[in-house]
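Subject: Structure handover

Hello,

Here is the structure for your files. My notes on it follow below.

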Amino acid sequence: MAKLYFRYGAMNSGKSTALLQAAYNYEERGQRVLLAKPEIDTKGADQIESRLGVARPVDFLVGPDDDLRAVFQAAAGHAPVACLLVDEAQFFTPAQVDDLLRIAVLDGIPVLAYGIRTDFRTEAFPGSARLLEIAHSLEELKTICRCGRKAIFNARLVGGRFVFDGDQVAIDEGQIQGEVTYESMCAVCYLRESGGRLDGR
Ligand SMILES: [Zn+2]
């Protein structure tokens, strides 16, 4: 039986690099894969970009109201698909994550979903929460905090200053004063910067 895999990590934990490597491994064996991601991620438009400089276009984008399984089946056509790889999976709706499980179990196609577990306030993204609930396999991709511990949170900076309030997704940076960046942090460093707050409390 094909399975749904959720490979999660803080920002800069190499998720896109791992996804592109997995796609390459399939294709090296002559197998066809499909790459997808949610439309909400405007950063790379219709590309999956590794920080190492490798990039390739996705086979399809998924809008917030799309029936993911139908969009997948339309993209797949009649040729066999060995694997579906999705990036930025935290931005899928819970219903779309349910479709990822259906694609694995009912259509028999392994689904590798890569994404961030929690937002800058340490709250799970809806798509990630659903993946943590129903994925067959959970695997953490690790990265290091500035202090050397494993990073598990994603602190947000606006104009170089830490902020702990705001919208979950700061895609529309035009409405925010200053550039939005993120720093992957361990809990110790996060709590030090937030003054002990978690999730705005
Ligand atoms: Zn730290």
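Helices (H or I, at least four residues) and strands (E, at least two) are DSSP runs, numbered from the N terminus. The model is predicted: local features need pLDDT of at least 70, side-chain atom pairs count only at pLDDT 80 or more, and totals for chains, interfaces and linings use all residues. Residues are numbered from 1 along each chain as its sequence is written.

Alanine 10 sits in the loop between β1 and α1. A residue is called buried if 20 or more other C-beta atoms lie within 10 Å of its own, exposed if 12 or fewer, and partly exposed in between, with C-beta atoms placed from the backbone. Alanine 10 counts as buried because it has 26 C-beta neighbours inside 10 Å. Leaving out residues up to four places away in sequence, alanine 10 touches Ile116, Thr143, Ala151, Ile152, Phe153, Asn154 and Ser184; contact requires C-beta atoms, placed from the backbone, within 7 Å. Alanine 10 and cysteine 145 are 135 residues apart in sequence, and their C-alpha atoms are 9.9 Å apart in space.

An unreviewed UniProt entry places the feature "binding site" at Cys145, Cys147, Cys186 and Cys189. These four are spread over 45 residues of sequence but cluster in space, the largest C-alpha distance being 8.1 Å. UniProt positions are in the numbering used here, feature names are shortened, and annotations may be inferred rather than shown by experiment.

Cysteine 186 lies in the loop between β11 (180-185) and α5 (187-194), while cysteine 189 is in helix α5. Cysteine 186 has 19 other C-beta atoms within 10 Å and is therefore partly exposed. Cysteine 189 has 18 within 10 Å, so it is also partly exposed. With residues up to four places away again left out, cysteine 186 touches Cys145, Cys147, Arg149, Lys150, Ala151 and Ile152, and cysteine 189 touches Cys145, Arg146 and Cys147.

Next, the sheets. Two strands pair if DSSP finds at least two bridges between them. Six strands form an open sheet with parallel pairing, in the order β5-β2-β6-β7-β1-β8. Strand β1 (residues 4-8) and β8 pair over 4 bridges in the parallel sense, and arginine 7 has glutamate 139 of β8 as its bridge partner. Helix α1 (residues 15-28) lies across β1, β2 (33-38), β6 (83-86) and β7 (111-115), at about 160° to β7; axes are lines fitted to C-alpha atoms, for helices over the stretch in contact, and angles run from 0 to 180 degrees between N-to-C directions.

An open sheet of 3 strands has antiparallel pairing and the order β10-β9-β11. The edges are β10 (161-163) and β11, each pairing on one side only, and the twist averages 45° from one strand to the next. Strand β9 (residues 153-158) and β11 pair over 6 bridges in the antiparallel sense; phenylalanine 153 stands opposite methionine 185 in β11. Helix α5 lies across β9, β10 and β11 and runs at about 35° to β9.

Finally, a helix pair: α3 (residues 94-105) and α4 (residues 126-134) pack at an angle of about 35°, with axes 8 Å apart. Pro94, Val97 and Leu101 of α3 meet Pro126, Gly127, Arg130, Leu131 and Ile134 of α4.

Regards

Technical notes: Contact = placed C-beta atoms within 7 Å.
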